[in-house]
Amino acid sequence: MFVKNNITVSIYTMKDSKQFVQENKQRLIDELIELLKKPSISADSAYSQDVINTAEAVKENLIKAGCNNVELCETPGYPIVYGEKIIDPALPTVLVYGHYDVQPADPIELWTSPPFEPVIKTTPIHPEGAIFARGACDDKGQMFMHVKAVEYMIATNTLPCNVKFMIEGEEEVGSVSLGWFVKRNHDKLKNDIILISDTGMISNQQPSITTGLRGLSYVEVEVTGPNRDLHSGLYGGAVANPINVLTKMIASLHDENNHITIPGFYDKVEELSREERDEMAKRPFSLDDYKKALDIDEVYGEAGYTTNERNSIRPTLDVNGIWGGYTGEGAKTVIASKAFAKISMRLVPNQEWEEITELFKKHFESIAPAGIKVEVKPHHGGQGYVTPIDSIGYQAAAKAYEDTFGVTPIPVRSGGSIPIVALFEEELGSKSIMMGFGLDSDAIHSPNEHFGVFNYLKGIETIPLFYKYYMELVK
């Protein structure tokens with residue numbers, strides 16, 4: 001054992017990553033906590049300097065890990081953090097993608113501890129403790145696992161191939177600048193496979209590998225009635241109320257079977273075979289536990305599909321926010337001039353997000369009653385993605401999980417979206433392998449987001465084995 005750059009290391013083989021994690025456990029946790037203290041909220045311009053400061057911190061951590069040519073690459077928006085370790089240009093290259101921006105922490109009052117003052121608490125699922133902070137799981141904690149795994153391999157001279165990092169700061173707002181950057185930097189980003197940890201797994205006892213992601217279309221709608229707010233007594237019943245109209249319009253977007261009513265919405269939806277659906281059903285799942293965890297009496301969704309099918313292989317339409325009129329304390333009898341809503345549609349492979357956005361816009365405008373003006377503002381979107389399970393990358397990931405968890409991971413399709421993944425394949429010609437270590441219960445995008453200490457450290461332990469098995473399989 002010796003110390004190099006303040007990193008405790010031994011003369012290990014690759015399979016000794018577990019020993020490295022145990023010897024450096026507190027440092028690995030402390031360094032992540034420092035990163036989580038930075039409120040890198042890309043959606044809110046009030047935090048723009050914090051986002052930039054976080055990019056600088058990621059850059060410094062890549063330098064500390066032993067990467068070369070580490071830089072902040074300017075974009076029309078927030079910078080891309082790029083770094084690389086090229087040990088031999090003739091060897092394959094792994095490109096690691098992640099993001100350093102986080103979701104807004106609202107509603108703050110529902111957090112049991114401040115969102116940017118990380119604390120470790122034990123939970124029934126995380127008896128070893130979980131780090132509670134915004135971004136703990138999505139995606140700072142999972143992105144940082146890769147930085148620390150590469151740090152380990154460089155420090156112990158066990159990095160078997162080249163590695164590049166591309167860490168962005170706009171994933172939570174659509175990755176527009178990353179798309180701009182990727183299209184202009186094909187040579188810089190040239191790689192053989194892309195590795196991502198921005199997904200989850202079934203449980204700490206049963207790992208899984210995400211093989212499919214849904215696409216996304218996100219829009220904002222504005223409904224306008226009278227030219228000013230009106231007295232609800234003098235005008236109520238005689239003038240269309242935009243809030244009433246908006247809620248009726250939204251309600252009409254689903255039928256009695258929770259089927260989306262937008263004409264053409266399902267035209268390109270991939271219908272999985274009965275055999276494929278039966279294979280998905282083998283995934284360990286307790287509907288009772290699912291309902292208990294959410295404190296609900298019954299599940300809800302499109303008729304004819306199971307819960308796991310509804311949230312992975314079927315498209316959806318959900319209202320993410322709705323507002324208008326008076327919402328302050330007490331009463332104010334007013335008919336608002338305007339009402340607003342934010343709506344997201346999760347899409348399955350073959351659905352083109354821009355086409356779906358246009359279908360939504362055309363339909364929503366068509367169902368507005370006379371006397372009401374409607375504006376649909378597209379925000380962002382992206383394509384769905386499916387990766388084959390017979391690829392070398394998937395097999396390498398599966399073998400890595402088997403080594404550290406002692407069981408074979410299960411391939412699953414996720415209900416979430418990483419819009420940039422489809423673009424990676426289109427622009428860079430590379431498949432993406434999604435090695436997630438978070439859990440569904442980690443409350444990403446919600447108050448009290450957290451990431452298990454076990455999951456964080458197990459990720460650092462597992463990722464080096466992906467490199468080992470990937471190199472064995474490509475030879």
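Phe 466 is buried in this predicted model, with a relative accessible area of 0%.

Phe 265 and Tyr 266 give another edge-to-face case, at 5.3 Å centre to centre and 75 degrees between the planes. Phe 265 is buried, at a relative accessible area of 1%. Tyr 266 comes out at 17%, which is under the 20% cut-off, so Tyr 266 still counts as buried. Ring pairs also tie Tyr 401, Phe 405, Phe 437 and Phe 454 together into a cluster.

Rings take part in charge contacts too. Lys 121 lies over the face of Phe 132, 4.7 Å from the ring centre. Likewise, Lys 399 lies over the face of Tyr 469, here at 4.8 Å from the ring centre.

As for how far the prediction can be read, the average pLDDT for the protein is 94, and 97% of the residues score at least 70. Residues 8–14 are another matter: pLDDT stays under 50 there. For that stretch, the model has 32 contacts beyond four places in sequence.

Definitions and conventions
Residues numbered from 1 in each chain as written. Predicted model: local features only at pLDDT ≥ 70, side-chain atom pairs only at ≥ 80, totals over all residues. Heavy atoms only, no water. pLDDT = per-residue confidence, 0-100. Contact = heavy atoms within 4.5 Å. Phe/Tyr/Trp six-rings, centres within 6.5 Å; stacked < 30°, edge-to-face > 60°. Buried < 20%, exposed > 50% of the residue type's maximum accessible area, 1.4 Å probe, protein only. Lys NZ or Arg CZ within 6 Å of the ring centre and 35° of its normal.
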